[in-house]
Amino acid sequence: MSGHGNLDEIEATDGFSFRTLFRRYRTPLTAAATLIVFCLVGYAIMQLTNEVRYDDVVAALAATRPSAILLALFFTALSFLSLVFYDLNAIEYIGKKLPLPHVALTAFSAYAVGNTAGFGALSGGAIRYRAYTRLGLSPEDIGRIIAFVTLSFGLGLAAVASIALIIIASEIGPLIGVSPFLLRLIAGSIIAILGAVMITGREGRVLDFGAVAIRLPDSRTWSRQFLVTAFDIAASASVLYVLLPQTAIGWPVFLAVYAIAVGLGVLSHVPAGLGVFETVIIASLGSAVNIDAVLGSLVLYRLVYHVLPLLIAVLAVSAAELRRFVDHPAASSVRRIGGRLMPQLLSTLALLLGVMLVFSSVTPTPDQNLEFLSNYLPLPMVEGAHFLSSLLGLALVVAARGLGQRLDGAWWVAVFSAVAALTLSLLKAIALVEAAFLAFLIFGLFVSRRLFTRHASLLNQAMTASWLMAIAVIIVGAVVILLFVYRDVEYSNELWWQFEFTAEAPRGLRALLGITIISSAIAIFSLLRPATFRPEPATEEALTRAVEIVRKQDNADANLVRMGDKSIMFSEKGDAFIMYGRQGRSWIALFDPIGDHRAVQELVWRFVEAARAAGCRAVFYQISPALLSHCADAGLRAFKLGELAVADLRTFEMKGGKWANLRQTASRAQRDGLEFAVVESEDVPDIIDDLAAVSTAWLEHHNAKEKGFSLGSFDPDYVSSQPVGILKKNGKIVAFANILVTESREESTIDLMRFSPDAPKGSMDFLFVQIMEYLRNQGFTHFNLGMAPLSGMSKREAAPVWDRIGSTVFEHGERFYNFKGLRAFKSKFHPHWQPRYLAVSGGGNPMIALMDATFLIGGGLKGVVRK
């Protein structure tokens, strides 16, 4: 494609700069940094717990009072109740209203997943995106909800921690070795900044930053959300506080420590703040509370506040699935929402239980259990069960990613691994709690079997850098636990070959070695896959198949596949396809998948996975709202591009006052001697030279070059494949437009529309009117006038940044593109306006994806610069 070589040279020239390298490898570099942070945290924990022994932690755990556990459950319920109000406040803030049961289930599930898997804005945000799109919210609205809950928690956490620090700085300073005056100074500065922001936005004031405007919440919203956040943090802190043994540290002091630990855990990017949170708590309370008791309380806290809500969320959605035959509309709608959430919930639960199996493989079995097993089972069976259960834990971690993608192969792997691990958990240690958790996972998997319908091989799903980082964190965590539990055992090579019922350390070492070897193989397999490859243009056979599909469906724009400049990805049955191109590191699919709607979901997933396997981002360009839910399932984020103008031909008549201007234009064109005709496709070759002359004159007059991808170019085969509407003056063709149609006659449109410089004024309007009347008489239902870029972008004060920039460019960007003029022209025909979106995978920058699409359409950098 013209201009592509120059772009590659630019990329190669800049390729050695640090900024370019970081941008290209940002994800793996971030994952590596997170792993380094976790390794340092593991080392810190080992140093802080140097005098603590595993048996002491188990004893402290067993000594926890039942009343403390009940109180912890109560405060957990209060915390998650307050978390629901985050979403309710956010929905009210954006001016929407949704049913309370749906919001409650979505918010509870989002926080259950976010708290456990970490990266709350991403993992919890994905849950919200899947659920709220089903409830009719636009991607812009959902993005504002996610931003609201994320920022409100962060600002509320900072405010609560700062207020607590000011009050009890003299008590907490000695605990962490920092001057109380310095603590109060830092806390006061934070409160002053937050106060200034609150005062600035007390009336919902809008802050302008050039092209971007942000509406701050009003005082009522600020105050209400601060109370919700403060209540949430206080309740969640109380969960851990009541689990700690009696201590001289008061609740206000502990609240400040807890808030700081949560904040550092979030900033570390370690999943769920694992290890970082614990390190801060141990370092702060170690001098006032026995460390073994603190460790025991932290284990219980993770179970009560992180694991239990996830189990409840799975149970709630499973109950909705079991009630699928209930006819009540409320139960049916909740079940539909649950169907959107269940794969992510089960994915998180499988990941959690996989970690549990790995960690249990490096911890000792209670002596009484080992003694019981020695009376009934041979040692090789116990050793084998212990070793295999650790590998099954790793299999569950790998399957967890596939469960989130609704793979049927991942479902089978998860079921097999969970059933086998449940059996082995009884054989290796009579681990009843472990077996109960696995049984719960199996129950959830069977209840939701209908949701995992994607026929894809789990082995072909290369693990991303984030998942490889998560596996590495699990292994490092297992190493830390192993070293902590057996810190009094002196290492020697003989340990690897000791096989006895009481030889727990060798058993843990062998299990850890097996996990490390298998996970390393997975990492090597994922990292050595081909980095990139260029999709090949469609073959003649593929084009013929695609054209047959296009003829039988409704989307007239799908005829652009006839250009032959795009690659084609067919569904498994060959009854649908995606047409796409590549620019830079973007695979860009044009429009919604074409063909049988039942193949759409599978095609979206296949395209995203193929792009990811090639080391590229997946982009869907000019897609309809109907595709957004499928894009959300595949982890894509949507951004509004503009609006598509569609005229209803059934009601199209040049009568009435609103059509007066067009009637006058048509009458003037006829007086100027313009004659309209439609040339059927089989007769187009007879006039192709005349059309080429008009096209060449048009390009030269506008100093333009041919475009591609989402626009057709003057190719004789392409132009001759469909009817062409022409205007003649004195027997000479002065204008033409190729008409794109399908056999369903549901929709029609035009692509190329070109005029000779000497065509009379108003020829464009006249040609449009004549083509629309012709199509109406032929029985076509709708006429697609094309998209108006950046049209319909939200101008509301609380609109997302993308919309604010888009609306500003639309209003003031005439020097670059006639945005307003294009919409004004289409508006003459009184169309219905339908939103169109850009969807980008991996949380990628939409501007980069849009720039790549622009280069692809314009024929590279040269084409864009020349127009």
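Analyst: Gladly. Let us begin with a charge and a ring: Arg-449 lies over the face of Trp-411, with 4.3 Å to the ring centre. Please keep in mind that this is a predicted model.

User: What makes Arg-449 count as lying over the face of Trp-411?

Analyst: The distance to the ring centre is 4.3 Å, and the rule asks for CZ of Arg within 6 Å of that centre and within 35 degrees of the ring normal. Arg-545 is described in this way too: its charged end sits over the ring of Phe-570, 3.9 Å from the centre.

User: Why is Trp-411 called buried?

Analyst: Its relative accessible area is 3%, and buried means under 20%, so Trp-411 is buried.

User: And what makes Trp-412 exposed?

Analyst: Here the relative accessible area is 52%. Exposed means over 50%, so Trp-412 is exposed.

User: How do you know that Trp-411 and Trp-412 form an aromatic pair, and why is the pair called edge-to-face?

Analyst: Two values are needed, because a pair of aromatic rings is described by the distance of the centres and the angle of the planes. For Trp-411 and Trp-412 the centres are 4.9 Å apart and the planes stand at 90°. Rings pair if their centres lie within 6.5 Å, and planes over 60 degrees apart count as edge-to-face. By this rule the count comes to 23 aromatic pairs.

User: Why is the pair of Phe-768 and Phe-829 called tilted?

Analyst: The ring centres are 5.3 Å apart and the planes are at 35°. Stacked needs under 30 degrees and edge-to-face over 60, so this pair is tilted. Phe-768 lies in helix α27, while Phe-829 is in the loop between α29 and β13, so the pair ties together parts that are 61 residues apart in sequence. Phe-768 and Phe-829 are both buried.

User: Why are His-830 and Ile-430 called partly exposed?

Analyst: The relative accessibility of His-830 is 35%, and that of Ile-430 is 26%.

User: Which residues make the nonpolar surface patch, and what makes Ile-167 exposed?

Analyst: The patch, of about 440 Å², is made by Ile-163, Ile-166, Ile-167, Phe-226 and Leu-227. Its largest share, 3 residues, comes from α8, and Ile-167 is found in that helix. With a relative accessible area of 59% against a cut-off of over 50%, Ile-167 is exposed. Both α8 and α10 give two or more residues to the patch.

User: How do you know that Arg-224 is partly exposed, and which residues does Arg-224 touch?

Analyst: Arg-224, in helix α10, has 22% relative accessibility, so it counts as partly exposed. Leaving out residues up to four places away in sequence, Arg-224 touches Asn-89 and Glu-92. Arg-224 and Tyr-86 are 138 residues apart in sequence, and their C-alpha atoms are 9.9 Å apart in space.

Methods:
Residues are numbered from 1 along each chain as its sequence is written. This is a predicted model: local features need pLDDT of at least 70, side-chain atom pairs count only at pLDDT 80 or more; totals for chains, interfaces and linings use all residues. Side-chain values use heavy atoms; hydrogens and water are left out. Helices (H or I, at least four residues) and strands (E, at least two) are DSSP runs, numbered from the N terminus. Buried means under 20% relative accessible area, exposed over 50%, partly exposed in between (1.4 Å probe, protein chains only). Contact means heavy atoms within 4.5 Å. Rings of Phe, Tyr and Trp (its six-membered ring) pair if their centres lie within 6.5 Å; planes under 30 degrees apart count as stacked, over 60 as edge-to-face and the rest as tilted. Patches are made of residues with over 30% relative accessible area and no salt bridge: like charges are joined within 9 Å, nonpolar side chains (Val, Leu, Ile, Met, Phe, Trp, Tyr) within 5 Å. Accessible areas come from the Shrake-Rupley method with a 1.4 Å probe; for residues, only the protein chains shown count as cover. A salt bridge is a side-chain nitrogen of Lys or Arg within 4 Å of a carboxyl oxygen of Asp or Glu.
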